[in-house]
Amino acid sequence: MHTHTLLLLLLLLKPGVCESCSLVVSPAGLVVKYGAPASANCTSDTVTFMGWESSQGESQVFSPGVKELTWRVDSLTDWNIKPQCFEMSEEGGQCASVLNVTVYKLPDRVSIRYLSHSGPVVEGHQYSLHCVVQNIAPIEHLRVTFFKVSTNGEQTVLYTQPLNNDIQQRNNGIREPVNESFSLQFSPTSVDDRAQLCCSAMLDLGPEGPQPPPLMESDRLNINVHFAPEFSCSAKLQVRAGEGLTCDVRGNPLPSVTWLRDGQVLTPPTHLSREDAGNYTLMALNRIGKANHTVEVEVLHGPAARGASCQAAGSATVAVLLLQLIHWLY
């Protein structure tokens, strides 16, 4: 007789419920990777019959005297499996204990992209980032994180999607692998130019799951930010005579820069003199915007001027010593 049928007959022949169920299932719960083996023990103090009922693994019913029974499966592939251990006491009572099993699968792929956009982004505009996680289970244990990687490799977390039971409800309680997408509104600045965006998918299965929790990252999305010109020089500059006049300007696309003095366009001098001191205005322009910057330039004496002064003082000293020598000789 099939063990499933025998177990049902035993339960039907002697109805009733144990006043106290002595069954102990160990471990109380399992977290198993899809396709991996799994096993659990069921023990009791005193029983007449004991058995396991499961959609996978051998269901067994044993004769009196058996106080321990192991359920085992070589390759767990049932996403909704609920193994149960039964016992039937001599007094006719019966009870069962369910083994909680979570079957998980890591995603096939994690990807990040802009929604309805491609190419460069513009500073101050808002864009929708989508992180797509493909073929993962169980979805309610998924935690998605968006982060930014700067040009020096430093990572900044932008947002972490908390564990969300609403996702499970939206999927009608399906425990099989599903595809899911997560969104984040992103507004870039000029600092984000040449940085990268990424998202990660982590299965947080609790203390019974693998430690550390398994994690998969997407490929990195390069950020090309178009922004208006920005000046990085101060409002006052001190320059040595003979040096050139420069001012750093950032912008994407690369801006054109025009120098003016007293309203006249000029080429910034490369060898300044005292006559070049004064106020200069810089005008920078690209297709995103424009910016103006006024700088007050002070021209200091150069090293050559200081050297000439020292040479003149040395010659005067030699002349005085020479006059004293002539006076002594005569």
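Colleague: How many bridges join S12 to S15, and which way do the two strands run?
Modeller: This is a predicted model. In it, eight bridges join S12 to S15. The two run antiparallel. Pairing takes at least two bridges, so these strands pair.

Colleague: What makes S10 a partner of S12?
Modeller: Six bridges join S10 to S12. The cut-off is at least two, so S10 and S12 pair. They also run antiparallel.

Colleague: Which residue stands opposite His130 in S10's pairing with S12?
Modeller: Arg113 stands opposite His130. In S15, the bridge partner of His130 is Ser183.

Colleague: Why is S12 called mostly covered?
Modeller: Eight of its ten residues are buried. Buried here means under 20% relative accessible area.

Colleague: Are Cys131 and Cys199 buried or exposed, and what makes them so?
Modeller: Cys131 has 0% relative accessibility, so Cys131 counts as buried. Cys199 is buried too, with a relative accessible area of 0%.

Colleague: Why is Cys198 not called a disulfide partner?
Modeller: The nearest cysteine sulfur, that of Cys199, is 6.0 Å away. That is not within 2.5 Å, so Cys198 is in no disulfide. Cys198 is still buried, at a relative accessible area of 1%.

Colleague: What makes Cys42 and Cys85 a disulfide?
Modeller: The S to S distance is 1.9 Å. That falls within 2.5 Å, so Cys42 is joined to Cys85.

Colleague: Why is the disulfide of Cys42 and Cys85 called left-handed?
Modeller: The torsion about the S-S bond is about -85°, so the disulfide is left-handed. Cys42 lies in strand S3 (residues 38–43) and Cys85 in strand S7 (residues 84–88). The pair therefore ties together parts that are 43 residues apart in sequence.

Colleague: How do you know whether Cys42 and Cys85 are buried or exposed?
Modeller: Cys42 has a relative accessible area of 0% and is buried. Cys85, at 0% relative accessibility, also counts as buried.

Colleague: How many disulfides are there by this rule?
Modeller: Three. One of them joins Cys233 to Cys247, S to S 1.8 Å. That is again within the 2.5 Å cut-off, so this pair counts.

Colleague: Which hand does the link of Cys233 and Cys247 have, and where do the two cysteines lie?
Modeller: The link is left-handed, with -65° about the S-S bond. Cys233 lies in the loop between strand S19 (225–231) and strand S20 (236–240). Cys247 lies in the loop between S20 and strand S21 (249–252). The pair thus ties together parts that are 14 residues apart in sequence. Both Cys233 and Cys247 are buried.

Colleague: Which residues touch the most other members of the largest nonpolar core?
Modeller: Among them are Tyr114, Leu129, Val133 and Phe146. The core has 29 residues. Strands that each supply at least two residues include S10 (109–114), S13 (142–149) and S15 (178–186). S12 gives the largest share, five residues.

Colleague: What makes up the second core?
Modeller: This core is separate and has 21 residues, including Leu30, Val32, Leu69 and Trp71.

Colleague: Which stretches have pLDDT under 50?
Modeller: Residues 1–18 are below 50. Beyond near neighbours in sequence, that stretch has 34 contacts in the model. Residues 304–330 also stay under 50. For them the model has two contacts beyond four places in sequence. The protein averages a pLDDT of 82, and 77% of the residues score at least 70.

Colleague: How many helices and strands does the protein have?
Modeller: Three helices and 25 strands. Buried residues make up 38% of the 330 residues.

Conventions. Residues are numbered from 1 along each chain as its sequence is written. This is a predicted model: local features need pLDDT of at least 70, side-chain atom pairs count only at pLDDT 80 or more; totals for chains, interfaces and linings use all residues. Side-chain values use heavy atoms; hydrogens and water are left out. Helices (H or I, at least four residues) and strands (E, at least two) are DSSP runs, numbered from the N terminus. Buried means under 20% relative accessible area, exposed over 50%, partly exposed in between (1.4 Å probe, protein chains only). pLDDT is the predictor's confidence in each residue, from 0 to 100. Contact means heavy atoms within 4.5 Å. A nonpolar core is a set of buried Ala, Val, Leu, Ile, Met, Phe, Trp, Tyr and Cys residues joined through side-chain atoms within 4.5 Å.
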